[in-house]
Amino acid sequence: MSIKPHLLAVLAAGTVAGSAAAQGSTVGLPRWEAGLSTVALYAPDYRGADQMRGRGFVVPYLVYRGDVLRADRDGLRARLIEGERLQFNISGGLGLPVSSDRNTARRGMPEIDWVVEAGPAMNIDLAEWNGGRNELDLRLPVRAAFAVDGGLDYVGAVFAPQLRATFRNVAWAGGAQLRVSTGPVFATADYHRFYYGVEPQFAVAGRPAYRPGAGYSGWDLSANATRFVGNWRLFGFVGADLIQGAAFEDSPLIRKRANWSAGVGAAYVFYRSTETVRGRE
């Protein structure tokens with residue numbers, strides 16, 4: 001499965017930000033929060049695949065609000081520069097593996113390994129309203145991607161600008177926090193080849209050799225919700241991928257030009273530090 005912002009959200013610690021932050025005001029938040037999350041996903045093997053798959057995860061839930069290093073709803077990141085409306089961070093991401101034995105289009109080809117991403121991100125706060133509970137921001141991450149296969153092998157780079165709207169303490173949703181994100185995805189040729197290229201030795205009838213170039217990778221749209229019930233954090237998401245016009249659209253591994261995905265999860269927070277920091281999620 002290729003890297004998806006909303007899938008990262010449910011697997012990252014920051015899926016479930018503290019309940020005090022949901023009110024939209026700057027308050028004292030615990031420096032540490034720890035717990036355990038369970039997540040269920042239903043999604044295509046990769047963007048453009050016609051085979052859907054359910055996956056389940058049990059992952060640690062960790063929030064750390066440090067002065068520089070933070071693990072929160074945006075994943076693990078380092079805050080380099082932070083101004084009134086502009087922040088520069090180092091951010092990371094994760095891509096899930098794909099078994100070629102279980103995917104018809106890729107049968108006989110190498111497996112797709114776990115992929116980790118890291119790189120700089122510039123975040124711009126565009127607007128704030130309703131007493132600070134609602135926000136609109138632009139996120140501009142550039143990340144290098146590495147396949148994890150007994151080491152780290154560089155497989156390309158991704159630029160995924162996103163316009164993101166956050167709505168906190170939504171009355172009709174029982175006080176939940178809602179977030180909607182949308183934007184294009186661009187990637188280098190080697191990244192596209194990693195997911196959609198077909199080397200000559202793996203060409204068969206109906207799957208000719210194919211070598212995509214760099215450029216547009218499609219459009220992403222996602223929405224997620226988080227609700228806070230005591231020490232429990234309940235969350236879910238839905239997402240859609242549109243890859244019409246993508247640089248790899250003609251790949252024989254592409255079976256659908258529009259995909260959807262969904263997931264739900266719950267986390268239980270069993271520890272909060274007594275030390276607090278000023279902030280707002």
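**Exercise 1. Determine how strands β12 and β13 pair, and which strand joins β13 through a further 11 bridges.**

Solution. Begin with the terms: strands are DSSP runs of E with at least two residues, helices are runs of H or I with at least four, and both are numbered from the N terminus; two strands pair if DSSP finds at least two bridges between them. By this criterion β12 (residues 215-229) and β13 (residues 232-242) pair in the antiparallel sense, with 11 bridges. Within this pairing T226 stands opposite F235 of β13. The connection is a hairpin with 2 residues between the strands, and in its turn G230 has a positive phi of about 60 degrees.

The model is predicted, so local features need pLDDT of at least 70 and side-chain atom pairs count only at pLDDT 80 or more, while totals for chains, interfaces and linings use all residues. Residues are numbered from 1 along each chain as its sequence is written, and side-chain values use heavy atoms, with hydrogens and water left out.

**Exercise 2. Describe the place of A203 and name its contacts beyond four places in sequence.**

Solution. First locate A203, which lies in the loop between α2 (189-196) and β12. Next consider accessibility, where buried means under 20% relative accessible area, exposed over 50%, and partly exposed in between (1.4 Å probe, protein chains only); at 32%, A203 is therefore partly exposed. Then list the contacts, defined by heavy atoms within 4.5 Å: leaving aside neighbours within four places in sequence, A203 touches V198, P208 and A209. Finally, the C-alpha atoms of A203 and P252 are 9.8 Å apart in space, although the two residues are 49 apart in sequence.

**Exercise 3. Classify the aromatic pairs W129–F167 and F159–F186.**

Solution. The rings of Phe, Tyr and Trp (its six-membered ring) pair if their centres lie within 6.5 Å, and planes under 30 degrees apart count as stacked, over 60 as edge-to-face and the rest as tilted. The structure holds 11 such pairs. For W129 and F167 the centres are 6.2 Å apart and the planes stand at 75 degrees, so this pair is edge-to-face. Because W129 belongs to β7 (residues 114-129) and F167 to β10 (residues 162-170), the pair ties together parts that are 38 residues apart in sequence. W129 is partly exposed at 38%, and F167 is partly exposed at 27%. F159 and F186, by contrast, are stacked, with 6.2 Å centre to centre and 25 degrees between the planes. Since F159 lies in β9 (residues 152-159) and F186 in β11 (residues 176-187), their pair ties together parts 27 residues apart in sequence.
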